[in-house]
Amino acid sequence: MEDTFIKEQKKALRQECARKAALLPGPYLEKASEEMEGLLIQSSIYQNATSIFVYISTDREPDTRRLIERAWQEDKAVFVPLCHEGGRMDAVKISDWECLKPGKLGILEPDAANCLETAQAVDLCIVPCVCASKAGWRLGHGAGYYDRWLREHRALSVCLCFERMIANNVPNDAWDAPMAYVLTENGFSPALQGKT
């Protein structure tokens, strides 16, 4: 059970981050996303991965669409989230944009009727956040999808976070999954790698 004090801290930080994110200018979001993508694809983390599990970005998140297309071009297996009730999700393989449709929250996800292959393990998991700390803790939207998935599956985790959304301290519970790396447009922060 989540600690009430930590839950309130997370709620307050989410509200603060929502206000902050709304003020980020479009040109900054676009340039920072391009820089993050460039840093990621040049890294051995990405180059050594034959399979990646990656979120499909929404409006004010680091853009992952070009990364997905590049991974297809390089014959990497691409998996994206399919969310279920109870905070559970599957990593479902996609090979083009046609097999996606808007989910409950309007976020593109695989069409459940045509999902054939789910991953039990992937090499690399690209994780979204509301904000993150350089120490490797991320604040998500509160449903716990990624924390559960990462605790149950093998994958190196990289959280994409705009530098302007980095927080000095992100409250965390025992069940929160730390990130191996946090990547901003300024580069990788080796987070809790080897300490978990």
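## A linked trio of charges

Lys10, Asp173 and Asp176 are joined in a network of salt bridges (a side-chain nitrogen of Lys or Arg within 4 Å of a carboxyl oxygen of Asp or Glu). This is a predicted model, where local features need pLDDT of at least 70, side-chain atom pairs count only at pLDDT 80 or more, and totals for chains, interfaces and linings use all residues. Residues are numbered from 1 along each chain as its sequence is written, and side-chain values use heavy atoms, with hydrogens and water left out.

Within that trio, the side chains of aspartate 176 and lysine 10 meet at 2.8 Å, N to O. Aspartate 176 sits in the loop between β9 (154-160) and β10 (181-184) while lysine 10 belongs to helix α1, so this pair ties together parts 166 residues apart in sequence. (Helices are DSSP runs of H or I with at least four residues, strands are runs of E with at least two, and both are numbered from the N terminus.) Both aspartate 176 and lysine 10 are buried, meaning under 20% relative accessible area; exposed is over 50% and partly exposed is in between (1.4 Å probe, protein chains only).

## Other salt bridges

The structure holds ten salt bridges. One of them pairs glutamate 74 with arginine 70 at 2.9 Å, N to O. Glutamate 74 counts as partly exposed at 36% relative accessibility, and arginine 70 is partly exposed too, at 32%.

Another brings lysine 134 and glutamate 163 together at 3.2 Å, N to O. Lysine 134 is in the loop between β7 and β8 and glutamate 163 in the loop between β9 and β10, so the pair ties together parts 29 residues apart in sequence. Lysine 134 is partly exposed at 35%, as is glutamate 163 at 22%.

## The two faces of α1

Back to the helix that carries lysine 10. The buried residues of α1 are Ile6, Lys10, Leu13, Cys17 and Ala21. They cover an arc of only 70° around the axis, which puts them on the same side of α1; the arc is taken from the directions from the helix axis to the C-beta atoms. Their cover includes β7 (131-132) and β8 (138-139). On the face turned away from the buried side, you'll find the exposed residues Thr4, Phe5, Arg19 and Ala22.

## The nonpolar core

The largest nonpolar core has 60 residues, and Phe53, Val78 and Ile126 touch the most other members. Such a core is a set of buried Ala, Val, Leu, Ile, Met, Phe, Trp, Tyr and Cys residues joined through side-chain atoms within 4.5 Å. Helix α2 (residues 26-42) supplies the largest share, six residues.

Notes: Contact means heavy atoms within 4.5 Å.
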